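Trainee: Please put the model on the screen. I will ask about it piece by piece.

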Amino acid sequence: MNDSKSLRSRIAKVVQEIPRSGIRDFFDIVSSREDVISLGIGEPDFVTPWHIREAATLALERGLTSYTSNMGLLSLRRGISQYVEKKTGIHYNPADEVLVTVGVSEGLDLAVRALVEPGDEVLYHEPSYVSYNPLIQFAYGKPVAIQTKKENGFRLTRRDLEENVSEKTKVLLLNYPNNPTGAALSKADVEDIAAFCIEHDLIVLTDEIYDELTYDKEHFSIISVPGMRERTIYLHGFSKAWAMTGWRMGFTCAPPELTEAMMKIHQYTMLCAPILSQEASVEALKSADTDIAYMKAEYKKRRNFIHSSFEEMGIPCIYPDGAFYAFADISKFGMTAKEFALKLLDEQNVACVPGTAFGACGEGFIRCSYATGMEEIKEAMVRIARFIEKL
């Protein structure tokens, strides 16, 4: 029983078969090197604004160290309700339609487990965030990956959906603005997808963690389409736009029946989100416009620079409408995305993520995050240009 082979055989099959995250796997290699410029992990380089940190400090000094309601602080849920209504025009009752989670990651896990039974099919689009496929498998559902294309700006279309739907399809998982491509959907795109979901009676999980970071046009949420509020779990959080990754704060908004189902899982597995993080998030919502506007303006400058730099090198790169990632096409260099990324790291000490970490259709691409300082980005672009000259 003590040998490792015996222990591995006891591990659940679904866990054995799921590979480690392609992002984290790659950055295990990066962590062993010095002088690396990292364009890899999708984490803002900004520190959480001072007044948000101060709110947590004051809460600690007041002795707020207890559990909260499973649903989260009512003051926070009221703030979330007001925030979402201001953005989307859709009201959620703070009492039974808003659930505070430990990051959007937990919210996604709760949503999938609350809905998916063994054999249910879940549609999602690739390239995608690395968690989507495993979360569906952990719930014993069947992930159905829809391969979006560069030629279409990596946008999901109704035609793509029609080609992949079946009688077993129960859920559609959306993520726009998208990680890793930076793609965003137009209002017409969203309305087409909504019509498809209503026609096929699907529940939608919409991960809109990057909606504040949409640069050239207003983000349009699928919950704003008539008939979609009733069949959608809206997922959001504080990590990206507020630079609060380490606080682990997310939330879901959904009809009472779906919220109650998620809360049941949440109360037995996580209980509640940390009270200090919740207090900080109450403060964050009070000045969302000011805090986010500053960081968003900086990201936009970086977006413009990194995109034009790749284009000047002759490396095609879709224009990122949102998030903080550039998805660059390196297919002409005759090597896989992973080979390119490893060679770039080895020769120039620049770290980026191979596109295949986000699904098979990410082959031939690398993801470069511009959630890092402009000086580091400029130096990274110089090194990448030097690298491809040799190729």
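Trainee: How many bridges join β11 to β12?

Mentor: Two bridges link β11 and β12, and the two run antiparallel. One of the pairs is V353, whose bridge partner in β12 is R367. Strands are DSSP runs of E with at least two residues, helices are H or I runs of at least four, and both are numbered from the N terminus. Two strands count as paired if DSSP finds at least two bridges between them.

Trainee: Before we go on, what sort of model is this?

Mentor: This is a predicted model, where local features need pLDDT of at least 70 and side-chain atom pairs count only at pLDDT 80 or more, while totals for chains, interfaces and linings use all residues. Residues are numbered from 1 along each chain as its sequence is written, and side-chain values use heavy atoms, with hydrogens and water left out.

Trainee: Back to the strands. In what order do they sit in the sheet?

Mentor: The sheet is open and has three strands, ordered β9-β12-β11, with antiparallel pairing.

Trainee: Why is β12 described as largely enclosed?

Mentor: Five of the five residues of β12 are buried, so the rest of the structure largely encloses the strand. Buried means under 20% relative accessible area, exposed means over 50%, and partly exposed is in between, using a 1.4 Å probe and protein chains only.

Trainee: Which residues of β12 lie on which side?

Mentor: F365, R367 and S369 are on one side, I366 and C368 are on the other, and all are buried. In a regular strand the side chains alternate between the two faces of the sheet.

Trainee: New topic. What volume does the largest pocket have?

Mentor: About 850 Å³. On a 1 Å grid over the protein atoms alone, a pocket is an open set of points with protein on both sides within 12 Å along at least five of seven lines, a cavity is a set where a 1.4 Å probe fits but cannot get out, and lining residues have an atom within 4 Å of a point. Points are joined across faces, edges and corners, and the volume is the space filled by probe spheres set on them.

Trainee: How many residues line the largest pocket, and which lie nearest its centre?

Mentor: The lining has 40 residues, with S21, I23, Y129, V130 and S131 nearest the centre. At least two lining residues come from each of α3 (22-30), α6 (103-115), β3 (121-126) and α7 (132-138).

Trainee: What about the second largest pocket, which residues lie nearest its centre?

Mentor: K87, D211, E212, E218 and H219, out of 19 lining residues. Two or more lining residues come from each of α5 (74-88) and α12 (288-312). The largest share, five residues, is from α12. The space in the second largest pocket is about 330 Å³.

Trainee: You named E212. Where is E212 found?

Mentor: In the loop between β6 (203-207) and β7 (232-237). E212 counts as buried because its relative accessibility is 14%. Leaving out neighbours within four places in sequence, E212 is in contact (heavy atoms within 4.5 Å) with Y83, K87, A241, I292 and K296.

Trainee: How many cavities of 30 Å³ or more does the count come to?

Mentor: One. The largest cavity has a volume of about 80 Å³, and its lining includes L174, Y176, H219 and F220.

Trainee: Last one, G72. Is G72 buried or exposed?

Mentor: G72 counts as buried, because its relative accessibility is 2%. G72 sits in the loop between α4 (50-61) and α5. Apart from neighbours within four places in sequence, G72 is in contact with R77, V100 and Q278. From G72 to Y268 is 196 residues in sequence and 14 Å in space, C-alpha to C-alpha.
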